[in-house]
Amino acid sequence: MHYTVAYDITDDKRRNKVAKILKDFGSRIQFSVFECNTDRRALLRLQNRLEKVIDFSEDTITFYHLCGACEKQINRIGVKKGLDEQSYIV
């Protein structure tokens, strides 16, 4: 399953922790946006780790799930960032 994860974290220390966790599961495509190609179990593990770090009253992390058909519709212009088609991160 392909997920795009975007975050808005107010504190620098928490933001760095969130980015470090996300790097374990995907590739950074923008400063606060990652692409992750993972299964449901790993996604739940990722969310659990992130929940331990963020401040629920200040921070936001949004997960955008792309179905297989939608994933095939991803178009990029310019530098090709993100996951290659064969990446599978757990």
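Author: Helices (H or I, at least four residues) and strands (E, at least two) are here DSSP runs, numbered from the N terminus. This is a predicted model, in which local features need pLDDT of at least 70 and side-chain atom pairs count only at pLDDT 80 or more, while totals for chains, interfaces and linings use all residues. Residues are numbered from 1 along each chain as its sequence is written, and side-chain values use heavy atoms, with hydrogens and water left out.

Reader: In what order do the elements of the protein chain run from the N terminus on?

Author: The secondary structure of the protein chain amounts to three helices and four strands. Read from the N terminus, the order of these elements is β-α-β-β-α-β-α.

Reader: Which strands pair with strand 1, and in what sense?

Author: Two strands count as paired if DSSP finds at least two bridges between them. Strand 1 (residues 2-8) is joined to strand 3 (residues 33-37) by five antiparallel bridges, and V5 stands opposite F34 in strand 3. On strand 4 (residues 60-66), the pairing with strand 1 runs over seven bridges, with D8 opposite T60.

Reader: How many residues lie between strand 2 and strand 3 in their hairpin?

Author: Strand 2 (residues 26-30) and strand 3 run antiparallel and are joined by four bridges, and R28 stands opposite F34 in strand 3. The two strands form a hairpin, and the number of residues between them is two.

Reader: Is strand 1 largely enclosed or largely open?

Author: Buried is taken as under 20% relative accessible area and exposed as over 50%, with partly exposed in between (1.4 Å probe, protein chains only). Five of the seven residues of strand 1 are buried, so the rest of the structure leaves this strand largely enclosed.

Reader: Where is C36, and is it buried or exposed?

Author: C36 has its place in strand 3. Between C36 and M1 there are 35 residues in sequence, yet their C-alpha atoms are 8.1 Å apart in space. Because its relative accessibility is 1%, C36 counts as buried.

Reader: What do the buried residues of helix 1 pack against?

Author: The buried residues of helix 1 (residues 12-23) are R14, R15, V18, A19, I21 and L22. They cover an arc of only 160° around the axis (taken from the directions from the helix axis to the C-beta atoms), which puts them on the same side of helix 1. The face turned away from that side carries the exposed residues K13, N16, K20 and K23. By contact, meaning heavy atoms within 4.5 Å, the buried residues pack against strand 1, strand 2, strand 3, helix 2 (40-51) and strand 4.

Reader: Which elements do the buried residues of helix 2 pack against?

Author: In helix 2, the buried residues are A42, L43, L46 and L50. Seen down the axis, they fall within an arc of 105°, so they line one face of helix 2. These residues pack against strand 1, helix 1, strand 3 and strand 4.

Reader: What percentage of contacts in the protein chain, between residues at least 6 apart in sequence, join residues at least 24 apart?

Author: The protein chain has 90 residues, of which buried residues make up 36%. Among its contacts between residues at least 6 apart in sequence, the share that joins residues at least 24 apart is 73%.

Notes: Expected span 1.5 Å × (residues − 1).
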